[in-house]
Amino acid sequence: MLTEVTATRYITPLREGGSLPGLVEGDDLRAYVMKFTGAGQGRKTLVAEVVCGELARRLGFRVPRLVTLDLDPVLGLGEPDRQVQELLRSSGGANLGMDFLSGALGYDPLAFPVTSEEAGRIVWFDALINNVDRSWRNPNLLVHQGQLWLIDHGATMIWHHNWPSADTSAARPYDASDHALARFAPDVAAAAAELAPRVTEDLLAEVTAEIPDAWLTGEPGFGTPDDLRRAYARPLLARAVSAHERINGLQESK
Ligand SMILES: Nc1ncnc2c1ncn2[C@@H]1O[C@H](COP(=O)(O)OP(=O)(O)O)[C@@H](O)[C@H]1O
Ligand SMILES: [Mg+2]
């Protein structure tokens with residue numbers, strides 16, 4: 001289970017992001033980037049952040065620590081900005097928090113080249129989770145203390161928006177032509193050899209156990225939160241086997 005922290009102070013919106021994440025302080029006095037259940041696609045975005053973030057961490061990628069941030073909607077009452085006020089008022093209960101990486105810079109491929117090995121691992125992982133949000137326009141990679149960190153896994157696993165057709169959707173190829181790291185000759189075959197065998201049923205059970213129950217209730221067609229957890233694991237397990245063969249748009253992928 002993710003550590004539970006209570007949000008005690010809303011500091012400021014992080015305006016670059018489309019989903020209006022905020023910078024908040026927790027009752028442990030740490031600063032967190034907070035993603036709200038009341039924003040955009042709501043809980044599903046947060047579930048995707050947890051599944052992909054915790055999977056990435058277990059595969060050895062750098063990902064900010066994730067927590068649940070409990071929000072009392074009264075925190076919104078003093079907010080001058082109407083949009084922020086609405087967001088806080090509609091997001092009572094468990095939201096997602098991640099460690100704020102102080103001083104981190106947005107990734108710029110011209111300023112920070114990566115090896116074909118590291119590019120391969122990240123492109124392979126994005127193909128696995130079907131991440132459409134790691135383009136050179138919007139890399140969702142941060143450089144912190146000289147190293148690359150992965151953030152923003154909200155726009156992944158498109159199949160979880162339509163469970164009845166999830167298997168068909170998850171069988172589709174991944175287009176990496178716009179990927180932020182496509183220019184670094186990603187060695188996706190090496191990444192697949194290293195990472196695919198590590199994406200096991202046990203690992204995915206461990207990862208999906210981290211999703212708070214509150215974000216898994218009421219999904220049509222599913223009885224218990226654990227049923228839905230298994231549904232999250234299934235397409236990832238299937239894709240891990242052949243993800244690298246289904247990556248399109250890379251010149252040196254073979
Ligand atoms: N953990 C973090 N530490 C520091 N800055 C962050 C962190 N997470 C996000 N940011 C900053 O906030 C911006 C928006 O966050 P992101 O997760 O990409 O949200 P969105 O879904 O709105 O795009 C990022 O582009 C980055 O500049
Ligand atoms: Mg983003």
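Start by selecting His144: leaving aside neighbours within four places in sequence, this residue is in contact with Leu101, Ser102, Ala104 and Trp149. The model on screen is a predicted one. His144 lies in strand S7. Is His144 buried or exposed? With a relative accessibility of 11%, His144 counts as buried, because the cut-off for buried is under 20%.

**The magnesium ion**

Next, select ligand 2, the magnesium ion. Which residues coordinate this ion? The two are Asn140, through OD1, and Asp152, through OD, at 2.0 to 2.2 Å. Now show where these two residues sit along the chain. Asn140 belongs to the loop between helix H3 (116-129) and strand S7 (141-144). Asp152 belongs to the loop between strand S8 (147-150) and helix H4 (166-170). The two are twelve residues apart, and the pair links distant parts of the chain. Both Asn140 and Asp152 are buried.

**Met157**

Stay with the loop between S8 and H4 and select Met157, which is found there. Met157 is not a glycine, yet its phi is positive, at about 45 degrees. Most residues other than glycine have a negative phi. Met157 has a relative accessible area of 0%, so it is buried.

**Leu29**

Move to the loop between strand S2 (22-26) and strand S3 (31-35), and select Leu29. What is the phi of Leu29? The angle is near 70 degrees, again a positive value in a residue other than glycine. Leu29 has a relative accessibility of 68% and therefore counts as exposed, whereas Met157 is buried.

**Helices H6 and H7**

Finally, select residues 201-208, which form helix H6, together with residues 225-242, which form helix H7. Two packed helices are described by the angle between their axes and the distance between the axes. For H6 and H7 the angle is about 140 degrees, and the axes are 9 Å apart. That angle makes H6 oblique to H7, because only angles over 145 degrees count as roughly antiparallel. The crossing of the two helices, H6 and H7, is right-handed.

Show the side chains to see which residues meet. From H6 come Glu201, Leu204 and Thr208. From H7 come Arg229, Tyr232, Ala233, Leu236 and Leu237. By class, the contact of H6 with H7 has five nonpolar residues, one polar residue and two charged residues.

Key
Residues numbered from 1 in each chain as written. Chains lettered and ligands numbered in written order. Predicted model: local features only at pLDDT ≥ 70, side-chain atom pairs only at ≥ 80, totals over all residues. Heavy atoms only, no water. Donors = N, O, S within 2.8 Å, 3.2 Å for Na, K, Ca; no water. Helix = DSSP H or I, 4+ residues; strand = E, 2+ residues; numbered from the N terminus. Buried < 20%, exposed > 50% of the residue type's maximum accessible area, 1.4 Å probe, protein only. Axes fitted to C-alpha atoms, helices over the stretch in contact; angles between N-to-C directions. Parallel < 35°, antiparallel > 145°, perpendicular 65-115°, else oblique. Left-handed = near helix turned anticlockwise from the far one by under 90°. Contact = heavy atoms within 4.5 Å. Nonpolar A, V, L, I, M, F, W, Y, C, P; charged D, E, K, R; others polar.
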